[in-house]
Amino acid sequence: MRARFTVLLPLLLASCGGLPGWERDRVSEAVPGFLAGCAASSDPGPLAPACSEAARLPPGDEAAARVFLARHFEPVPAGEGLITGYYEPVLRVSPVPAPGFTAPLLATAPGAPDLDRASIEAAVAAGEWPGAVLAWADPVDAFFLQIQGSGRAVFPDGTARRLGYAGKNGHPYVPVGRLLIERGAMTREEVSMQSIRAWLRAAPPADARALMDANPSWVFFRWRDDLPAEGGPAGTLGAPLPPGRAVAVDRSHVPLGSPMWIATRDPLTGGRLERLVIALDTGGAIRGPARADLFWGWGDAAGEAAGRMRETGRIWVLRPRVTPGPRTPGG
């Protein structure tokens, strides 16, 4: 068995070695995210053998992680497409409406899927909203919280609570950056979360509200006091998202829990960003096989990178091998 492994190991590793940046990445850092996805999935399906073996990997063992990946997976090109970023914002909130805190953060309610953004806001303002208002926030902060899908709410007394995605209405997501380009307010190169925020804050309140209402999609939240402060939010699978190692994908093209390889450009430094990531989440704007949204973490630094990330990149899905390669000697 040792001789067979010695012959086949270079061939197995070569299949992943063709990925750009494979030699430079610390692929072992993605293993905890993969295991979290395994634990959260009720049926790992074709990933089951890899899930079982990954649980026995020594934490942080780079050599073992590389052999594991080469043994269980083969990279399949998904193509070239758009890679964006998202993060978990930290925002100030109020338990009641107050100056500067006029936008409601809502729990789901009966009839919500039939209403667009403007109609939901009107129902809340008229006191006719049938569900709970979790908290009140700055309108621009609330708008971007819905785009990100989760966040950390800090109340005036310093209490912090986690907000998690609880659902959305039935209306499509419309990127307001695209609308600003169409109106000539920005060029495509100028559009980022930061530039859109700046535009909304500088515009007359009625114009800012009209632009946000042009995106009829609305996201509802629930308190996630079960999530530890030191971890990321829960993705679609229910697993916590590891910063820099989790992506949102189109699950009709990429099975959740799958390892993936992305090769793109760092939005802040312009350098190479080539790494192993795990498909743990989905998003309303993530459509197509070569589309990914990279989770950067939480807070201002993560927001700076996520907000500026809109890069063309190449994507590979690491597909489970029908017959895994040989184990390591003694494995």
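The lining of the second largest pocket has 12 nonpolar, 4 polar and 3 charged residues. In that count Ala, Val, Leu, Ile, Met, Phe, Trp, Tyr, Cys and Pro are nonpolar, Asp, Glu, Lys and Arg charged, and the others, Gly among them, polar. A pocket here is an open set of points on a 1 Å grid over the protein atoms alone, where a 1.4 Å probe fits, with protein on both sides within 12 Å along at least five of seven lines; lining residues have an atom within 4 Å of a point.

This is a predicted model: local features need pLDDT of at least 70, side-chain atom pairs pLDDT 80 or more, and totals for chains, interfaces and linings use all residues. Residues are numbered from 1 along each chain as its sequence is written, and side-chain values use heavy atoms, without hydrogens and water.

Strand 12 (310-320) gives the largest share of that lining, 4 residues; strands are DSSP E runs of at least two residues, helices H or I runs of at least four, numbered from the N terminus.

Now the salt bridges, meaning a side-chain nitrogen of Lys or Arg within 4 Å of a carboxyl oxygen of Asp or Glu. The structure holds 19. Glu274 pairs with Arg24, closest N and O atoms 2.5 Å apart. Glu274 is in strand 10 and Arg24 in the loop between helix 1 and helix 2, so the pair ties together parts 250 residues apart in sequence. Glu274 is buried, at 16% relative accessible area, whereas Arg24 is exposed, at 51%. Buried means under 20%, exposed over 50%, partly exposed in between, with a 1.4 Å probe and protein chains only.
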